[in-house]
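Please read them with the sequence and the 3D view open.

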Amino acid sequence: MKQPPLLQPSIHEVRPLPVPKIWHWIGGAILTLLAMGFVQVLVTNDNMQWGVVAKYLFSAQILSGLGMTLMLTVLAMVLGLAIGIILAIMRLSSSRVFQTTSWGWIWFFRGIPPLVQMIFWYNLALLLPQISIGIPFGPKLASWDTNLLITPFSAAIMGLAFTESAYAAEMIRAGIQAVSSGQTEAAATLGLTRGQTLRRVILPQALRIVIPPIGNDTISMLKFTSLVSVLALPDLLYSAQMVYARTYQTVPLLIVATIWYLVLTTVLTLLEHALEHRLKAEHQKSLAKTRSWFRPRFFGSGQRAY
Amino acid sequence: MTEPLLKVEQLRKSFGAHDVLRGIDLAVKRGDVTCIVGPSGSGKSTLLRCLNHLETPTKGVVFLNGVPVGVRWKGNRLYQMSFNELARQRQRMGMVFQAFNLFPHKTVLENVTEAPILVRRIKRKAAEVEAMDLLERVGMAERANYYPPQLSGGQQQRAAIARSLAMKPDLMLFDEPTSALDPELVGEVLAVMRQLADDGMTMVVVTHEMGFARDVADHLVFMDGGVIIEEGAPADLLTHPHHERTKAFLSRVLNTV
């Protein structure tokens, strides 16, 4: 029998030490070096012109561009989601006409890059000089000059919102389909109308499912709005471009725009996390009671003699 | 001779080439409990779902109080009803599902008050008073503010029964109401159904619970292969079945109990 050395403590009194994580230390050292290099560029490279960055970060022109970016994001998302809900319901309708229309819209607007769309909308007057309301091939009730209707702003909103509507429609459709058919049947046997079933039973459950992907889409939309600079619409990026076109301080103004985009996406990410967390907490609150329900039974069976 | 509350005439239902119901005639008297039994795939649940047009019959008619369900005359032409017209007829027939189908995003109380507020258009306060009364009857008053996922299957099913009763239906349809339950929870649901039968509710119950059918049913229907093989008083049918298929089915289910 081998005797343990005298100084060794009893195995029951000590905790085992964790396995040393050598690769974490090596990897960490390499990454630290890279990060330090990055910081060195930020701090010591005079081309960054931090003074210029600080001067323009809160300038009126940049802040108004920031407002435009936010407005485009909110409007395009609201409009896109509204159209998306209608498209999703049409897609799930029993009417072939509605199904095909919805399918066609989604196919078209998901297939064209938003940038191409915006330029196209902006140049609509070349295709249709006049926009009229009336009966096709028949009399016209009212008509407008296309160039008065299509501004950079409305062209941008159309391009962004229509693209979003195609993606939102597919998400919302999946959400509606994830709600079991038993829910619709239960509502039907209670005498709820079709609209009541949709509003009170199906959509509340479906929207809960699609909130996380919609949050994600909002962050994408914020970044997509920078495309409007091609329409000379003064959003965050174009406002920065207008300044550096005058002053040639290209890098510091791009840094100003970058800082603001990062701030906005961070805020949106935090909001999304909070919302998801709340939904999950609500879900878990409803499950927590079920669990405490099962726990006594679980322990109880363990204590039984057989 | 009083008109039966529910009458089914020459009902047929096919899914594609598959004939599930092949000519069903059935009458349900007011205040009676009718139990439908039979092997899996015999068409029991489809028959029940045709009664309130959750499935549209391929042929044949269901009459509730002498009025055809799901169709209506306009002069000499017979029209299908729109969904919302049908909804008005469906509220006369409560339905309890195998999978409960409670609304998971609403509390038990909200589940029960939802339809009275939306469809019967009564005030929330009045609906809540009625709902608490019904939840008391099914022994769920203490769980009124719970969400369905917090409840056991038996509790969910009792809440679902209360939800259907809140529409004050003429008739209650039960589609295998205890089949999804753990064995120890079956009793509490059957007890509520027994109480309901004693209170005079007209019920059509598709079930595998032969004990319940024997004790509670006024009328027992045995189905196989999409037709009614035999029907009658439960005591007669269970002890002196005439048809071979009934005998075979009963010996199978009664021996396993």
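1. UniProt, in an unreviewed entry, lists residues 66–272 of chain A as "domain: ABC transmembrane type-1". In this model, which is predicted, that span is 78% helix and 5% strand. The C-alpha atoms at the ends of residues 66–272 of chain A are 20 Å apart.

2. The unreviewed UniProt entry also gives the feature "transmembrane region" for chain A, at residues 22–43, 63–90, 102–124, 144–163 and 250–271. Two of these can be checked against the model. Residues 63–90 of chain A are 100% helix and 0% strand, with 40 Å between the end C-alpha atoms. Residues 144–163 of chain A are 80% helix and 10% strand, and here the end C-alpha atoms lie 25 Å apart.

3. For chain B, UniProt lists "domain: ABC transporter" at residues 6–250, again from an unreviewed entry. In the model this span is 37% helix and 28% strand. The end C-alpha atoms of residues 6–250 of chain B are 27 Å apart.

4. Chain B has an open sheet of four strands, in the order β2-β1-β4-β5, with antiparallel pairing. At its edges are β2 (18–28) and β5 (67–68) of chain B, and each of them pairs on one side only. Five bridges connect β1 (residues 6–15) and β4 (residues 59–64) of chain B in the antiparallel sense. As an example to find in the view, Arg12(B) has Lys59(B) in β4(B) as its bridge partner. Helix α1 (residues 44–51) of chain B lies across β1, β2 and β4 of chain B and runs at about 120 degrees to β1(B).

5. A further open sheet in chain B has six strands, ordered β8-β9-β10-β3-β11-β12, and its pairing is mixed. The bridge partner of Ile36(B) in β11(B) is Val221(B). Helix α5 (residues 153–165) of chain B packs on the sheet, where it touches β8 and β9 (171–175) of chain B. The direction of α5(B) makes about 170 degrees with that of β8(B).

6. The largest nonpolar core has 73 residues, and Leu47(B) and Leu51(B) have the most contacts inside it. Helix α8 (residues 152–178) of chain A gives the largest share of this core, twelve residues. Apart from this core lies another, of 49 residues, including Ala160(B), Met201(B), Leu250(B) and Val253(B). Leaving out residues up to four places away in sequence, Leu51(B) touches Leu6(B), Val8(B), Val62(B), Val69(B), Met93(B), Leu173(B) and Val204(B).

7. How many residues does each chain bring to the contact between chain A and chain B? Chain B brings 32 residues and chain A brings 25 residues. Together the two chains bury about 2500 Å², with 60% of it on carbon and sulfur atoms. Phe83(B), His105(B) and Gln150(B) account for 24% of the area that chain B buries against chain A, more than any other three residues.

Terms used. Residues numbered from 1 in each chain as written. Chains lettered and ligands numbered in written order. Predicted model: local features only at pLDDT ≥ 70, side-chain atom pairs only at ≥ 80, totals over all residues. Heavy atoms only, no water. UniProt positions renumbered as here; feature names shortened; annotations may be inferred. Helix = DSSP H or I, 4+ residues; strand = E, 2+ residues; numbered from the N terminus. Core = buried A, V, L, I, M, F, W, Y, C linked by side-chain atoms within 4.5 Å. Buried < 20%, exposed > 50% of the residue type's maximum accessible area, 1.4 Å probe, protein only. Contact = heavy atoms within 4.5 Å. Pairing = 2+ DSSP bridges. Axes fitted to C-alpha atoms, helices over the stretch in contact; angles between N-to-C directions. Buried area = accessible area lost by both parts, 1.4 Å probe.
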